[in-house]
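Open the model in your viewer and keep the sequence beside it, so that each stop of this tour can be selected in turn.

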Amino acid sequence: MRDTARVRAQDEGVTIEVRVIPRAVRSGVAGTRDGAVLVRLAAAPVDGAANAALVDVLAEAFDIPKRHVAIVSGERARRKRVRLAGVTDAQVQAVVSAGETT
């Protein structure tokens, strides 16, 4: 059975559950785990560096401006809720599926 990301549609985009793995070899979307989008970050969780890296990775992965990515909750946790403006559920699933193969 394939794990899928939990996506909540909003007026202007979606909210997704994200699980981050800091201090990874390289940054990028790496599929799903327990209903959350798995994102590996090369940055360490120090002085907000991992959160900034998360915004960068998601903005690049979804081809949206950084200002359209907002961490809604979990700023100090590995599990976060992130709002993506201008993104659809289908786009989330496509990016996550592409991340599973890399």
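## A first stop at Ala-70

Select Ala-70 first: apart from its neighbours within four places in sequence, Ala-70 is in contact with Arg-81, Val-82 and Arg-83, where contact means heavy atoms within 4.5 Å. This is a predicted model, in which local features need pLDDT of at least 70 and side-chain atom pairs count only at pLDDT 80 or more, while totals for chains, interfaces and linings use all residues. Residues are numbered from 1 along each chain as its sequence is written, and side-chain values use heavy atoms, with hydrogens and water left out.

Ala-70 belongs to strand S5; strands (E, at least two residues) and helices (H or I, at least four) are DSSP runs, numbered from the N terminus. With 30% relative accessibility, Ala-70 counts as partly exposed, on a scale where buried means under 20% relative accessible area, exposed over 50% and partly exposed in between (1.4 Å probe, protein chains only). If you draw a distance between the C-alpha atoms of Ala-70 and Val-82, which are twelve residues apart along the chain, you will find a separation of 5.6 Å.

Now show strands S5 and S6, which run antiparallel and are joined by four bridges; two strands pair if DSSP finds at least two bridges between them. Ser-73 stands opposite Arg-81 of S6, and in this hairpin, with five residues between the strands, Gly-74 takes a positive phi near 90°.

## Into the core

Select Val-82, whose contacts, leaving aside neighbours within four places in sequence, include Val-14, Ile-16, Leu-54, Leu-58 and Ile-71. Val-82 is also one of the residues that touch the most other members of the largest nonpolar core, which has 27 residues; Val-39, Leu-54, Leu-58, Leu-84 and Val-92 are the others. Such a core is a set of buried Ala, Val, Leu, Ile, Met, Phe, Trp, Tyr and Cys residues joined through side-chain atoms within 4.5 Å. The elements that give two or more residues to this core are S2, S4, H1, strand S5 (69-73), strand S6 (79-85) and helix H2 (89-101), and the largest share, eight residues, comes from H1.

## Two loop residues

Most residues other than glycine have a negative phi. Arg-23, in the loop between strand S2 (13-21) and strand S3 (28-33), has a positive phi near 60°, and at 58% relative accessibility Arg-23 counts as exposed. Go on to Asp-47, in the loop between strand S4 (36-40) and H1, where phi is positive at about 55°; Asp-47 is exposed too, with a relative accessible area of 81%.
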